[in-house]
Amino acid sequence: MHALFRARRALQLALTSNAIRPWSGHRVSVPTFVAGWLTSELAPHLLALTAADAAAHVARHRRATDPAGLAMAAASAGGLAALIASARRAHGVVDAALTAATGPDHRGGAEGRAADDVATPWGRLAFPFRMDTDGVRRDRDIPYAQGGRRFLLDVYRPDGPGDGRPVLLQVHGGAWMTGSKNEQGVPLMLHMARRGWVCVAINYPLSPKSRWPEHIVAAKRALAWIREHIADYGGDPSFVATTGGSAGGHLASLLALTPNDPALQPGFTGSDTSVQACVPHYGVYDFAATSGSRASAARMRGLLARHVMGPDPTHEDYVAASPLDRITGDAPPFFVIHGDQDSLVPVREARRFVDALRATSHEPVAYAEIPGAQHAFDIFPSIRSAHVVGGVERFLEWAHDHHTRGSDRRASCVIRRGW
């Protein structure tokens with residue numbers, strides 16, 4: 001029994017250590033990410049299990065406890081407590097990022113929110129894999145183009161009458177090869193729908209069966225569908241923000257940076273594919289290794305060349321697919337979010353993207369580097385992701401208000417000048 005207890009505690013200590021300081025090396029990046037992501041976001045639950053396991057061991061073996069196992073339990077508990085404290089720091093980091101980019105106006109009705117308040121009720125955090133859809137209506141599997149299930153979308157909207165609501169387009173990740181509209185961005189979409197937004201989650205063609213640029217063409221087709229049909233679901237087609245994580249962050253960013261690009265809109269060049277704000281999470285921004293990053297170069301030669309890009313891609317093909325290389329002064333407001341412990345997409349890639357955006361864009365660029373966060377930290381509700389969701393809500397509300405005020409000023413100018 002001592003050996004089994006000691007093995008459990010040793011495993012938990014290893015997982016906790018990896019979450020605090022991820023194991024390095026390209027070959028272990030995927031297991032490092034999976035173990036670190038789950039341990040970090042489930043730290044309160046694991047802390048409770050660790051304490052319960054140690055207490056049960058002491059109760060069963062009062063006179064012959066395992067000192068080494070208990071020491072590892074104590075070390076794990078300390079590490080998990082540190083992870084919880086790190087997760088709670090996300091609120092301050094997000095608030096500071098938004099204040100620096102947009103001023104204090106982003107707080108709105110949240111001005112008095114305490115530092116440890118979260119956007120998701122504690123009851124939902126306790127059961128993170130049970131998505132509560134109260135107050136939200138979900139219209140499933142709506143085709144936005146011909147081609148089957150990879151061209152379907154879901155609409156999340158408030159469960160009640162209303163129209164003219166701002167729209168959020170969610171693009172899932174999965175290395176352009178896996179994933180679906182059912183798996184990512186759900187906590188954010190449920191939160192925003194409860195606050196009066198209409199949210200759209202899309203599927204798109206996946207590699208290696210489909211090759212670039214089929215992914216972004218499909219996303220633009222979905223955006224064209226939104227412009228034409230979202231009013232039927234209570235949405236305002238004049239304001240569409242986009243978000244997504246990882247490969248979805250790449251596609252969301254490219255949507256924002258390539259409005260109405262005819263090369264990416266075959267057969268629907270007349271459709272408006274502009275977006276009014278973008279919130280990429282842990283995105284891939286440097287397709288062409290323009291920054292000189294070794295990680296970007298390795299990705300370009302490996303995953304992208306073998307599975308994502310078309311046959312015999314040129315350097316120009318990579319540049320055309322690279323958000324870092326598509327930045328212009330007309331970029332919409334951005335809120336870039338990345339974890340400082342990301343094992344799959346190094347955080348320095350986000351920093352370079354943000355630096356380039358800020359140097360060129362005429363609109364605000366907020367950047368939050370989330371302490372202790374791994375890749376995909378927001379897939380299910382957690383302390384950290386709930387703070388980030390609250391920040392994204394405030395940014396999107398600010399962006400919508402910013403857009404509305406701009407539209408009102410332009411209309412007033414037209415009236416005054418008699419145009």
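## Overall build

Helices (H or I, at least four residues) and strands (E, at least two) are DSSP runs, numbered from the N terminus. In this predicted model, the protein chain has 13 helices and eight strands. The radius of gyration of the chain is 23 Å, close to the 22 Å that the globule rule gives for 419 residues, so the chain is as compact as a globular protein of that length. Along the principal axes, the C-alpha atoms fill a box of roughly 90 × 50 × 40 Å.

Of the 419 residues in the protein chain, 55% are buried. When contacts between residues at least 6 apart in sequence are considered, 77% of them join residues at least 24 apart.

## Surface and charge

The protein chain has an accessible surface of about 17,900 Å². Carbon and sulfur atoms account for 55% of that surface.

## E393 in helix α13

Helix α13 covers residues 383-417, and E393 is part of it. E393 has a relative accessibility of 13%, and because buried means under 20%, E393 counts as buried.

Leaving aside residues up to four places away in sequence, E393 touches H191, M192 and R195. With H191 there is also a polar contact: the side chains of E393 and H191 are joined at 2.8 Å.

## Two cis peptide bonds

The loop between β4 (198-202) and α8 (214-229) contains P208. The peptide bond from S207 to P208 is cis, with omega near 5°.

P213 also lies in the loop between β4 and α8. The peptide bond leading from W212 to P213 is cis, and its omega is near 10°.

N260 is not a glycine, yet its phi is positive, at about 60°. The residue is found in the loop between α9 (247-257) and β6 (277-281). N260 has 34% relative accessibility and so counts as partly exposed.

A289 is another residue other than glycine with a positive phi, here near 55°. A289 lies in the loop between β6 and α10 (294-308). Is A289 buried or exposed? Its relative accessibility is 18%, so A289 counts as buried.

Conventions:
Residues numbered from 1 in each chain as written. Predicted model: local features only at pLDDT ≥ 70, side-chain atom pairs only at ≥ 80, totals over all residues. Heavy atoms only, no water. Rg over C-alpha atoms; globule rule 2.2 N^0.38 Å. Buried < 20%, exposed > 50% of the residue type's maximum accessible area, 1.4 Å probe, protein only. Contact = heavy atoms within 4.5 Å. Areas by Shrake-Rupley, 256 points an atom, 1.4 Å probe, with all protein chains shown as cover. Polar contact = N/O pair within 3.5 Å; in protein donor to acceptor, adjacent residues only side chain to side chain.
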